[in-house]
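Hi everyone, thanks for coming. I'd like to walk you through a structure that may be new to you, so let's get it up on the screen.

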Amino acid sequence: MLPWAELQEQLAAALRDPERAPPAECIGPDGARATKRFAVYRNNVFAGLIDALAESYPAVHRLLGVECFEETARRYVSQHLPRSPVLLEYGERFSEFLEQLEPLAALPYLADVARIERAWLEAYHAPEAPALDPGALAGIPAHRAADLCFTLHPSVRLVRSRSAAVTIWGLNVAPPPWASLPPDPIAESALLARPAAEVEVVCLTPGAAEFLAALAGGLTLGEASERARSVHDTFHLTEHCTALLGGGWVTAAHLRRRRTRGH
Amino acid sequence: MTTRTASLAVAGALATAVTALAAPLASAGGMSMTPRQHTMAELHTGKFVRCFGVALAGHNDCYAGPGTTCAGTASRNYQGNAFKLVPTGTCTAITTPYVTIVQGHGSLSKITEAGR
């Protein structure tokens, strides 16, 4: 008998590779090696995981079509068996995989569409948290407003893209319009959040993406606004503050101490 | 812009946003908040949460389904036809009100219902 860990290794290897025979320990009622039975098991593993990917990445599935998606997913499954027993976590590296798959190089937006779908799934399963009441910020003195730092809602995900990934995603999962800020036809980023029951997807201009990325990175409102203006000179701060606070994307705010002493 | 003007501009933007959001039925910079408020109201009815739970269970059931169905017949090349069937049952019934509410939000859950 093989040690348990080694047997598991061999089982996994035989699962991944249809050309490989199962370990000799896999026997049928007649005592002979159960190659056919094992093939059924292998088939079920692949079928289940391919289906899980199709469920998690419906836009990619639609963009590639059934046959291409299944072949692509099959290759992914053969290289990435689940790391978690939780099925909804499966496919966490699918976007990278798509990006590196040579036959799909003609679809440069595909990996970003997959990232949006992954972010959607993460936002959907992220913890609940009450949004910050915008009224709580009414008492902030004007000279300190720029020092505000925000804690973003745990479901907030930002997907930055150089392609029109958000529009492509949207057209392949739902008839537009979904709630959106004015999209840039060249580079679209997406903000996904689930402030209440359902995931909301907002298409961001490069300026808005920079703004939110800066806030998510812990920068102040003043710093984030400057960064946004540096990539997008018509960045409209009022509009984005309203979206940020009104959209329930923020759960807490604090003032960062100024370190101006000594200047 | 000097630092001071920039900082005042930030304060102005924030104040405008806070005021706009404090007003009843705030309409904010091209983004209507009303559907979200509706959603929040619906959430309190409890229908929403249950609906999501059911949809999720459906997902898992679907996963177990096709694999099992083809187990006796398929060889090593899975054809995957079984899964293209629309998941039926309680999920559909319970999700109906939800579909109406989120129309225009681009929720994937809706697509799962209609698109498969």
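Predicted model: local features only at pLDDT ≥ 70, side-chain atom pairs only at ≥ 80, totals over all residues.

Let's begin with chain A. By that count, chain A has 10 helices and five strands. How spread out is chain A? Its radius of gyration is 24 Å, while the globule rule gives 18 Å for 263 residues, so chain A is more spread out than a compact globule. Along the principal axes, its C-alpha atoms fill a box of roughly 80 × 40 × 35 Å. Of the 263 residues in chain A, 43% are buried. And if you take the contacts in chain A with a separation of 6 or more, 62% of them join residues 24 or more positions apart.

Now to the inside. The largest nonpolar core has 71 residues, and those with the most contacts within it are A:V113, A:I116, A:A190, A:L192 and B:L14. Which helix gives the most to this core? That would be α6(A), with nine residues.

So let's look at that helix. In chain A, α6 runs over residues 110–125, and 13 of its 16 residues are buried.

Finally, have a look at A:L192. Beyond its neighbours within four places in sequence, A:L192 is in contact with several residues, including A:A119, A:W120, A:A123 and A:V199.

Definitions and conventions
Residues numbered from 1 in each chain as written. Chains lettered and ligands numbered in written order. Helix = DSSP H or I, 4+ residues; strand = E, 2+ residues; numbered from the N terminus. Expected span 1.5 Å × (residues − 1). Buried ≥ 20, exposed ≤ 12 C-beta atoms within 10 Å, placed from the backbone. Core = buried A, V, L, I, M, F, W, Y, C linked by C-beta atoms within 7 Å. Contact = placed C-beta atoms within 7 Å. Rg over C-alpha atoms; globule rule 2.2 N^0.38 Å.
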